[in-house]
Amino acid sequence: MKRSSEGIQAAIRKSRRRYHSSVMSFPIRTCVVCSEEFELRPDKPGFANRCPSCSEPEETDSSSASGVEATDRKGESEINAARRKAIRDMLYRKDS
Ligand SMILES: [Zn+2]
């Protein structure tokens, strides 16, 4: 009775250890920003050489940049169209 329960406990311990080792199998990298060691998980956002806290985007920069992008998008497409037309004209001029 006692022996079999010990066997189960050992099996549980073994399976836990296996699960734990699989969790810890990610490569350990050192953050280039804060020199902190972190697990390089496949789903980790940001840079591979930065820890999760250092690879979080700076909210002030991204919000202002996206605001500018939204307002300039129309003008930018017009510029791109003009640029494309200029390039096309240049290519036609080369051919003739
Ligand atoms: Zn860091």
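Two residues are in contact if their C-beta atoms, placed from the backbone, lie within 7 Å. This is a predicted model: local features need pLDDT of at least 70, side-chain atom pairs count only at pLDDT 80 or more, and totals for chains, interfaces and linings use all residues. Residues are numbered from 1 along each chain as its sequence is written.

View 1. From the N terminus, the order is α-β-β-α. Helices (H or I, at least four residues) and strands (E, at least two) are DSSP runs, numbered from the N terminus. Of the 96 residues, 3% are buried. Buried means 20 or more other C-beta atoms within 10 Å of the residue's own; exposed means 12 or fewer; partly exposed lies in between, with C-beta atoms placed from the backbone. Among contacts with a separation of 6 or more, 0% join residues 24 or more positions apart.

**View 2. C31, in the loop between strand 1 (28–30) and strand 2.** C31 counts as partly exposed because 17 C-beta neighbours lie inside 10 Å. Leaving aside neighbours within four places in sequence, C31 is in contact with E36, F38, R50, C51 and C54. R50 is 19 residues from C31 along the chain, yet their C-alpha atoms are separated by 4.3 Å.

**View 3. P57, in the loop between strand 2 (37–39) and helix 2 (59–95).** P57 is exposed, because it has 10 other C-beta atoms within 10 Å. G46 and P57 are eleven residues apart in sequence. In space, C-alpha to C-alpha, G46 and P57 are 8.1 Å apart.
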